[in-house]
Amino acid sequence: MNLQQVVLFMLKREFIAVALIACLLISSVPTASAYKGYVLNRTAIDDFTLIDQHSENRSLYALQGDLLVVSFIFTRCDSVCPVITQNLNSVQQGLSADIADDVGFVSITVDPAYDTPERLLDYSLLHGIDWPLL
């Protein structure tokens, strides 16, 4: 093999590697159909009362907003819970004034034995959120 053939061989190898990587990247991009979701037909949720971060009873039916965004978190979670909370905070801050009053937010702990009202208050202060944590 002469030098020109070696260079052509290496260029072909690099081109094939780049083409394979591009194909893998393109195939990993979700299509629009991935975001269509499912329509859930469920019966109404019965009202319930939980204690919030201010040690006050909060009824589900008394929570504010025509649309209620509910997240499930726990304060010892150091992976996805802070990310979820910050993403929801960004969404809340990004709502236009004309719809902000129609959208309510609430986070419900999945670890009520550990997540006392005091811990929930600390969590809300840490993340700069003002919605109920139950």
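Reader: Which residues form a nonpolar patch on the surface?
Author: In this predicted model, the patch consists of Val70, Phe72 and Val110, which together have about 280 Å² of accessible area.

Reader: Where is Val110 found?
Author: Val110 lies in the loop between β4 (103-109) and α4 (117-127).

Reader: And does Val110 count as buried or exposed?
Author: Val110 counts as exposed, because its relative accessibility is 52% and the cut-off for exposed is over 50%.

Reader: Turning to α4, which of its residues are buried?
Author: The buried residues in α4 are Leu120, Tyr123, Ser124 and His127. Viewed down the axis of α4, they fall within an arc of 95°, so they line one face of the helix.

Reader: What covers the buried residues of α4?
Author: The cover includes β3, α2 and β4.

Reader: Which residues are exposed on the other side of α4?
Author: Glu118, Asp122, Leu125 and Leu126 are exposed there.

Reader: What follows α4?
Author: Gly128 follows α4, and its phi is positive, near 65°.

Reader: With which side chain does the side chain of Thr75 make a polar contact?
Author: The partner is the side chain of Asp115, at 2.2 Å.

Definitions and conventions. Residues are numbered from 1 along each chain as its sequence is written. This is a predicted model: local features need pLDDT of at least 70, side-chain atom pairs count only at pLDDT 80 or more; totals for chains, interfaces and linings use all residues. Side-chain values use heavy atoms; hydrogens and water are left out. A polar contact is a pair of N or O atoms within 3.5 Å; within protein, one must be able to donate a hydrogen and the other to accept it, and residues adjacent in sequence count only if both atoms are side-chain atoms. Patches are made of residues with over 30% relative accessible area and no salt bridge: like charges are joined within 9 Å, nonpolar side chains (Val, Leu, Ile, Met, Phe, Trp, Tyr) within 5 Å. Accessible areas come from the Shrake-Rupley method with a 1.4 Å probe; for residues, only the protein chains shown count as cover. A salt bridge is a side-chain nitrogen of Lys or Arg within 4 Å of a carboxyl oxygen of Asp or Glu. Helices (H or I, at least four residues) and strands (E, at least two) are DSSP runs, numbered from the N terminus. Buried means under 20% relative accessible area, exposed over 50%, partly exposed in between (1.4 Å probe, protein chains only). The arc is that of the directions from the helix axis to the C-beta atoms. Contact means heavy atoms within 4.5 Å.
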